[in-house]
Amino acid sequence: MRLLWLVLLAAVVGATPAVAVQPDEVLPDQRLEARARDLSRELRCMVCQNQSIDDSDAPLARDIRILVRERLTAGDSDQQVLDFMTARYGDFILLKPRFGSQTAILWLTPAVIVVIGVLGLLLLVRRQRKEEAAAALSPEEQARLDVNS
Amino acid sequence: MIAELGHYALILALGLALIQSCIPILGARTQDPALMSVAGPSALAQFGFVAVAFAALTTCYVISDFTVANVFENSHSAMPLLYKITSVWGNHEGSMLLWVLILSLFGALVARFGSNLPMTLRANVLAVQSWIATAFYLFILITSNPFLRLPQAPAEGRDLNPILQDIGLAIHPPFLYLGYVGFSITFSFAIAALLEGRIDAAWARWVRPWTLAAWVFLTLGIAMGSYWAYYELGWGGWWFWDPVENASFMPWLAGTALLHSAVVMEKRNALKVWTILLAILAFSLSLMGTFLVRSGVLTSVHAFANDPTRGVFILVILATFIGGALALYAWRAPMLKQGGLFAPISREGALIFNNLFLTTACATIFIGTLYPLALETLTGTKISVGAPFFNMTFVPLFIPLLVVVPFGPMLAWKRGDLLGVAQRLLGALAVAVIAIAVTFTIAGQGSLFAAFAIGLAFYVMVGALTDLAERTNLFREPATSSFTRARGLPRSVWGTALAHFGLGVALLGVVCETKWGEERIAAMKPGQTVSISGYDITFDGIVRLDGPNYQELRGKFTVRSGGVVFEIMEPSKRSFPSRETSTTEAALMTRKLSQVYISLGDPSSDGSIAVRIYHKPLVLLIWLGAVVMALGGALSFSDRRLRVGAPKPASAKTALQPAE
């Protein structure tokens, strides 16, 4: 019972409250550091609840943050860092899943809903227009309707 | 004794709920006024009993009765009285009790102020409300009873989780629940309408105040939770796209859509079938918000294994209500007559546009939140869906919505004049262009998107004001005449304008904070200074203090600007021995609408301490915008046309109210 509540709480809170990136991790090169921060927001702390390593206080997150900075210092591009992390930890580490057969539904749903919605509305409009035509519109009104749609 | 009293009262409430679940519906079927009139007194009495149960639990907390397991697990005798009271709902069992308290309160309100409803509708609504109540009473009594005693009384409690010992989180759940549960009324109205197979514009008029009230509370609840996360979690974020946040945001989106479609239904007698569906969805999402969070399934599939009875019970409740409601909808909705023809370019068209994008946004969050869970269950593949996904999908869906917002209220019903409205919005557009130009000039390269977002915010804000100006003939007539017109405008018009204005305000805050917020992370020793956004912040040192139930490490920082001392900021870190956890208490310095934010990290052996300092430009606008939106909702709620509980002559009580 108590455990459940703690699990819930961890979810409410997202994490234990403490600072994430530590001063000793920060790279001297500001451009690299900024890139490291951006990358960190895309990587999940795998022992936390849906939290990026940038926000997390877990030791694992710290290890990965340092690893990201090491790769960047070694000259990796952003994509190379992400690829390296995925190769090492699997897709689970990416907070923005890659498009693929398993995530197609996830990525396409918003577009599909909008398209279906628009099509449905167009059908509705057409049906309405027929009914309205039956109610005898003046040619002028009809013209305006056509212009508007 | 007190705990047993509460337990007993809850059982009595269950008994009443069972009666109220069947008798009034039977009465409505057989047109028997005596049976139907059972609903009213029963709803009031139910509220009475749940209030007794809630008061009993609260008393146990106040007197620190650790023989009650729930009190033992979540309270501590040294805690301040305020937190003793708020711990009542700072745990699973107690929060469920709060849930049913609000549920029965709303039922009682319908019973008390619903005298202008047709008798059968009122009976059906209260019966459906009671179905929900029954399910929850059973859930509490069987799986989550807060009144259970411990065989041996411990001397001291385990304390409330320190992170919850905060005024922000103390009032966040009640507001959220008022929102969630408020949608239960709309849901009950929808089910009642489906049962009766009849629905008209009057239905929308009765439902709208409840939807508005729920929406206002939910808006405030979400904003409060966001502000709490901002200052309590110590890294200055205010929205994380966390499953729990999403769970509260989805009902909000559905509720916002419902609010708008109900307008169409009320004014134009159209979109009935859709409005009913939204009413069902808004509450279904609220149920999910309550339960999926409670079950822990969102964070881990394995959470169910911790307590299978509870998990299964939750699934059964969800399946029954959501599945049942949707099945009933599929069966009965085709019988409802559609009405009200309109052209695509019209107020109705704009509101449908609003609904399309709000529901798509809601569906996107829904699938993003549940997809990892579904995928893992079906294929075993573990993926993560986090903030980057939501930002990438949600933002493009919201931009078209914001563009259309000012058009909506200005388009005419049935058939609008797009060009005419666009002309009247030229002023708003001009302001937007100026805002973009100014932002781009000042901020320079790399700020194009942010500049456009700021332009959009100004366009939304000025657009909302334009609607008011148009309606009052401002600048076209003498000021006095405009003033008279302004006074004559319905409050719902002011409410709409205010809520839309608030949306722009919030957007402005979001953009400025995200784009121009600054951050310094440093290991600071006493005497060191860090500069951020024109402020010089000197670390003066650290002291150890004792609180009522914690020890505190408090840092002292002096903020100077141009050599002048601005403020002393004192962020702290508290550790609670009873739970062996600690919290960060960030220090905030508010200058106009911007804030400087300092939070402490861990001290290190060389005498320095990790410090995070942020400058958050215009950050307060984010929550201020939400508050303005809620105010708009409240203003609309107070519109005479919608006011619930307007006193009626005694004779009207028994008469069936004709649909207006």
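1. Two residues count as in contact if their C-beta atoms, placed from the backbone, lie within 7 Å. With that in hand, look at α3(B) and α6(B): B:Ala43, B:Phe47 and B:Phe54 are among the α3(B) residues in the meeting, and B:Leu97, B:Val100 and B:Ala108 are among those from α6(B).

2. A word on the model: it is predicted, with local features needing pLDDT of at least 70 and side-chain atom pairs pLDDT 80 or more, while totals for chains, interfaces and linings use all residues. Residues are numbered from 1 along each chain as its sequence is written, and chains are lettered from A and ligands numbered from 1 in the order in which they are written.

3. Back to that helix pair: the axes (lines fitted to C-alpha atoms over the stretch in contact, with angles from 0 to 180 degrees between N-to-C directions) of α3 (residues 39–62) and α6 (residues 92–113) of chain B come within 8 Å and cross at roughly 150°. That makes α3(B) roughly antiparallel to α6(B) (the label is for angles over 145 degrees).

4. Now the core. B:Val100 and B:Phe136 touch the most other members of the largest nonpolar core, which has 231 residues. Such a core is a set of buried Ala, Val, Leu, Ile, Met, Phe, Trp, Tyr and Cys residues joined through C-beta atoms within 7 Å; buried means 20 or more other C-beta atoms within 10 Å of a residue's own. Helix α9 (residues 201–232) of chain B gives the most to this core, 19 residues.

5. B:Phe136 touches B:Met96, B:Trp99, B:Val100 and B:Leu103, leaving aside residues up to four places away in sequence.

6. As for chain A, 32% of its 149 residues count as buried.

Definitions and conventions: Buried ≥ 20, exposed ≤ 12 C-beta atoms within 10 Å, placed from the backbone. Helix = DSSP H or I, 4+ residues; strand = E, 2+ residues; numbered from the N terminus. Parallel < 35°, antiparallel > 145°, perpendicular 65-115°, else oblique.
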